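Have the sequence and the 3D view open as you read.

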Amino acid sequence: MNGTIALFLAQDGIINGAIYALVGVTLVLVFAVTRVIFVPQGEFIAWAALTVAALEAGTVPGTAWLLLVLGIATAALEVVREGRRLTIRRVATMLGFDLALPAGLLLAVIWLAPLKLGLAFNAAMTLALLIPMGPLLYRLAFQPLADASVLVLLIASIGVHFALVGLGLVFFGAEGVRTTPLLSGTFPAGPLVVKWQSIGVLVVTVLVLIGLYAFFERTMMGKALRATAVNRLGARLVGIPVASTGRIAFALAAAIGAVSGILIGSLTTIYYDSGFLIGLKGFVAAIIAGLHSYPLTALAALLVGLLESYSAFFASAFKEVIVFSIILPVLIWRSLASGPHHDEDEEA
Amino acid sequence: MSARLKSWLPRVVAILAIAIFPLIPGVPEFWVTLAGYIGLSSLVAIGLVLLTGVGGMTSFGQAAFVGFGAYTSAVLTTKFGLSPWATLPFALLSTGLMALLIGVVTAKLSGHYLPLGTIAWGISFFYMFGNIEALGRYDGISGLPAFSIGGTSLISARAVFYPIWISVLIAVVLSENLLDSRMGRAVRALRGGSVAAESFGVDTARAKLVIFVYAALLAGLAGWLYAHVQRSVSPSPFGINAGIEYLLMAVLGGSGYVVGGVLGATIVTVLKDQLQNILPKLIGTGGNFESIVFGILMVAVLQLARQGLWPFILALLPRPADKTINASAPALSHRQAPDRGAPLLSVDKARKEFGGLVAVNDVSFTVKGGEIVGLIGPNGAGKSTLFNLLTGVLGATSGEVRYRGERIDGMPARDIAKQGIARTFQHVKLVASMSVLENVAIGAHLRTRPGVVSSMLRLDRGEEARMLAEAARQLQRVGLGEHLHKPAGSLALGQQRIAEIARALCLDPALLLLDEPAAGLRFNEKQQLAGLLSRLRADGMTILLVEHDMDFVMRLTDHIVVLVFGTKIAEGTPAAIATNPQVLEAYLGGVE
């Protein structure tokens, strides 16, 4: 390996690391607010990339149909669950958010997709299709389990992942896609040729991190989310609607996932099931950082990205093994560093 | 028919039904094959039931343990020519060691690190075995020998059915024996949080490790069988998706019940087969529809029936007979009570700081043998922090705590329990689903020895009887003799507090530490509690209690220590405390 290759690998690693950082930070966010270890975050990324690809091809993306399916399922289940307790206002929101919005988006996509309106439209439409999925998934799967233990929520999360991957195959098919970069072209930097898209990925990642910081530190809603994370009961007692903080967290997760997907689509080929591995690598980063610090998670994600790209060079077949095995030493260190036992949540 | 016989009847019927199933003429070969796969999955699911439903942990990597067992046997039979029977110990040893490694790393960490570690392990396994040349990469190893008995090869589905289901039967029996034993109760106590279990001497990290390794061994056993039933191995059946399916089996069947694992394995295996056959025909295209159905099923079960489906079947079966208590079982060894009046516990300038806050400020006092000492103070006085220093939940910043002259500050809760100090909790920590008797028997954990293997093989019955007899005796002593077999969660709060005292007494302590024992009790219950504590004192017990109820403390104790803002402001007899001006000022506000 010479210096150029090393630099090239580093560039690759940093770009992937930036994507993992977005995943990792989202996982920390969702875990903090809802205690859900949100394994399916990767699915949002894969679906966003697949949606952009479909729009580029001028076809209706599977996500448009999926959103409608999710909306109908959520509304139907909520009617069954709540029955007579439903208020007019609630029904109106459900009609608007769960049914009219997905149906409207679907019609818009059917009308607009063949016109191939270009990058900005594709990105905006992808965000519009994916963001509502976050709160819908939360209401469908996790809200009824809000009182359950972390373990039960984790198992549910894995169940959601399982269902979503299956749905992904149905709605997107098995073919892989690669999208056109948002930023085309390259520029030379010493011995390297750097893609503008790579710079774009880094800039967006940093902007998202800053945005999250501003949201949690400066806005009332962000503070409410943090309060819920610290103590659900306490937050409820001071009038924070705890269920809606969960929905907001999931909307944020879907939004960040969609952004990551739009970015990553042109860097690597994405299949309906690519999200899992991307998501898990973000996870490795979040675990290294102990599932609670945003900056540490971002740093750990860079480390994972670099490790992956160098191990891809030295031992490509064992790339995944190496990446997933680094959590072992991290867990050992955490285990040694951990003090006396903490009491975990009571039985589920 | 006796209750015992009646409760055994369904099991005998079930075993007979399974035994004759392949012999019924007209049963298609395919059904028998499917039944074989159900058996293999059951082994894995039983392990997960113990891990998830009983121990409160989980694993997504069980499929990888199955793969480890399968590959071990595949390599040993094809490369080294060993007979399939001879490879069993190796298959178990290799999976056991692997589980031990992962378990040691994660067992001490809080709940969700173990499952996350197992996801990483499951994925690593898949890519590792798929890339090793000697293991045939993703194609795997084929041409494995079948099991054979006396020269006859067990190749047909009907022939291998019996080794598989005999293994399942053995796994069920061993697992149920384990749960119904000293170590089993320790594992079940994990669900109530680790602090309570540790306070009675349970090494919770070890208990978690034991159950994790045991679950992995069952998976390894399934893998060993699978290798020689399928007669080929490749990485794909051992990937993370298979791991998730095994977990679904445990969750669906009933994650707290051993037999629930078999039920879950049956439903998932049959459903998967049906879905793979029917759905593509129905919808017209290929795809892994079963994963959609399984995913939704998993979430639905958790939302609608978190205990899984087995409880619904259990409700139809005759109630299992109550445990028999052999009152004539020899008593457990008994500790010498300390001399009355001799210093037993001495706290010397104990101090605890949280950052800049001094929660306990150089507090010193002594508890003498045979006394009831009360620790009182307004809210925020540092009583609970001090209590936590004494019980090993928190470490002191400085100062010493000595018990019978030996330093115990900084000792973990488990070692403090070994010294003969037992405690109760301000917020009751009983495992709601276990019977009162079993909860209390955990208190005697340190007074008996039986380990995992002897429990599984039922070599522990002598000691088990002594343990249960002791638990029953202590429950009678505190007046709960009529509630032995009820689930602890069904008792009233006051009774649960008393049951905690019985559990503490099972430790055979010389010193009893009670954290707000009268909180939330009604007047009558308080009277009974005071009576009980007085009787214990008369029997030579030394008691230190933290309490809010002044009336209760004044009438019961021999000596009172008053804390205000972390500092001891007074100590003395109840009469002296009642007239102490500083105490009155702290409680009632000063006279301006």
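Which residues of chain B form one aromatic cluster? They are B:Phe65, B:Phe68, B:Tyr71, B:Trp121, B:Phe125, B:Phe129, B:Phe212, B:Tyr226 and B:Phe238.

A quick word on the ground rules: this is a predicted model, where local features need pLDDT of at least 70, side-chain atom pairs count only at pLDDT 80 or more, and totals for chains, interfaces and linings use all residues. Residues are numbered from 1 along each chain as its sequence is written, chains are lettered from A and ligands numbered from 1 in the order written, and side-chain values use heavy atoms, leaving out hydrogens and water.

Rings of Phe, Tyr and Trp (its six-membered ring) pair if their centres lie within 6.5 Å; planes under 30 degrees apart are stacked, over 60 edge-to-face, and the rest tilted. That rule gives 30 aromatic pairs over all chains. Take A:Phe215 and A:Phe216: they pair edge-to-face, with 5.1 Å centre to centre and 70° between the planes. Both A:Phe215 and A:Phe216 are buried (under 20% relative accessible area; exposed is over 50%, partly exposed in between, with a 1.4 Å probe and protein chains only).

Charges can sit over rings too (NZ of Lys or CZ of Arg within 6 Å of the ring centre and within 35 degrees of the ring normal):

| Charged residue | Ring | Distance to ring centre |
|---|---|---|
| B:Arg11 | B:Trp8 | 4.6 Å |
| B:Lys429 | B:Phe425 | 5.7 Å |

Finally, A:Gln197 is buried, with a relative accessible area of 3%.
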